[in-house]
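Please look through the structure shown here, taking one region after another.

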Amino acid sequence: MKTPATPPNEAERLLSLRQSGLLEFDNRQPYDRLTRLAKRLFNVSVAMVNLIDERTQIAKSVDGAVPAVLPRSVSFCGHTILQPEPLVVNDARDDSRFVDNPLVAHENGVRFYAGIPLRLPDGAVVGSFCVVDQTPRDFSAQDLAALSDLAALAEDEFAASCAATTDELTGLINRRGFNQFAAFALSGARRRAEPLTLAWMDLDRFKQINDRFGHSEGDEALKAMANLLRSAFRETDLLVRYGGDEFAVLFADTDEQGAWIAMQYLTEQVAKFNQTGSHPWTLTFSWGICEFDHHHGDLEQWLKEADRKMFSMKQKNSAAR
Ligand SMILES: Nc1nc2c(ncn2[C@@H]2O[C@H](COP(=O)(O)OP(=O)(O)OP(=O)(O)O)[C@@H](O)[C@H]2O)c(=O)[nH]1
C-alpha cells in the first residue's frame, strides 16, 4: 500500500485549514444536501465531503455507512489532495497504491473511488468531495463534470464559512469575528483611556453531555450557555463562542474588578438555570479574566493570560470533584 505523501506546502495548508474554522464549526446541513444528492445521482454506496487534517481524514458530511474519521495514512482522499485534477480509481484491486489498503483488502472493501480536491478561497487544498462504491465501475467524463459541479458548491460553502463572523449554532460572534473586532476594540479603548477586560470560559465536562445525551442535546447546552451570556451581560459587551465549548466576553469600559462582579452574576444565573432547567444535563464552567495592559500588552498575550487563568480554575474545580 502506498501511504499518501505529504504535500510540500503542508504547514501552510494546515494553518489555512485550522484558521478556516471548518474543523470546529458544526454546520453540516449544506454539505449533507450535496452528499445526499451525489449518492443518488451516481448510485454509489457512499458520498463524502472530507477534510484532511494532520493525521486524520474527517468527514464534514457523509452519506453511507463508513466511519466519520479515518487515519490519513489509509485514506484515498489523502492522495486526492496531492493533485490538482480529480482522482478516479475504477477498481482499487488493480491499483498498486490501494490493492492491499485495509479499506480495500476484504470482500466488501472499496473498489471504486472518485474524488475532487477541495480548496479554500486562499487556494489551500484542505479536503475532497468523493464518491465510493463496493463494485468496480467506469466513470464517464460527464460523471466527472457533475461531480466537479457538486465539489464547486461545497467550495462555495467553504468560502461562505470562511467569511462568516457569526457562529451559526448560537448566533454569537465567532472566533474570526472576535479576532477582527478585538483589535478594533483595543485601539478604541486605548484612545479613550478606558479599561477593557476579557473573560475566557470553558464548559466543564461538556463532552460527557454529548456522550451521555447525544450531540443535539450538546448543541442545546451550547445554545443555553449563549442565552445565559446574553441575559447576564450588557449590550455593549462582546459575546463570543470562540469554538467548541469555549466562550469569551469582552467587557467594554470595565476593569478586572467590574468583570469579576459581572462573572459572579453569570455564575448565579447559571446555577439558577441548573435548578430550574428541564434538561437532563447541568452547565458548569471555568473562567479566567484579564484586563488589557494598554502600555505593554498585546492581543495574543492577553488571550493567553485569560486562558491560563481559566485553566487554573479548571484544575482546581476538577481537583475538588
Ligand atoms: N454538541 C456539540 N459538541 C461540540 C461542538 N463543538 C465541539 N463539540 C464537542 O465538545 C467537546 C469538547 O470536549 P473537551 O474539550 O474535552 O471538553 P470537556 O469535556 O468540557 O473537558 P474539560 O474542559 O476538561 O472539562 C468535544 O467532544 C467536541 O466534539 C458543537 O458544536 N456541538
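What covers the buried residues of α8? The cover includes β7 (197–203), α7 (215–232), β9 and β10 (285–291), where two residues are in contact if their C-beta atoms, placed from the backbone, lie within 7 Å. This is a predicted model, in which local features need pLDDT of at least 70 and side-chain atom pairs count only at pLDDT 80 or more, while totals for chains, interfaces and linings use all residues. Residues are numbered from 1 along each chain as its sequence is written.

Helices (H or I, at least four residues) and strands (E, at least two) are DSSP runs, numbered from the N terminus. Helix α8 covers residues 256–276, and at 1.5 Å a residue its 21 residues should span 30 Å, which agrees with the 30 Å between its end C-alpha atoms; the expected span is 1.5 Å times one less than the number of residues. Its buried residues are Ala 259, Ala 262, Met 263, Leu 266 and Val 270; a residue is buried if 20 or more other C-beta atoms lie within 10 Å of its own, exposed if 12 or fewer, and partly exposed in between, with C-beta atoms placed from the backbone. Seen down the axis of α8, these buried residues fall within an arc of 100° (that of the directions from the helix axis to the C-beta atoms), so they line one face of the helix. The face turned away from this buried side carries exposed residues, among them Gln 257, Ile 261, Glu 268 and Lys 272.

Strand β9 (residues 246–251) also pairs with β8, in the antiparallel sense and over five bridges, two strands being paired if DSSP finds at least two bridges between them. Leu 238 stands opposite Leu 250 in β9. The two strands form a hairpin with two residues between them, and Gly 244 in the turn has a positive phi of about 50°. Five of the six residues of β8 (residues 238–243) are buried, so this strand is largely enclosed by the rest of the structure.

Elsewhere, six strands form an open sheet in the order β3-β2-β1-β6-β5-β4, with antiparallel pairing. Its edge strands, β3 (69–71) and β4 (87–89), each pair on one side only. The twist averages 25° from one strand to the next, with axes fitted as lines to C-alpha atoms, for helices over the stretch in contact, and angles running from 0 to 180 degrees between N-to-C directions. Helix α2 (residues 29–42) packs on the sheet, touching β1 (46–52), β2 (56–63) and β6 (125–133), and its direction makes about 75° with that of β2.
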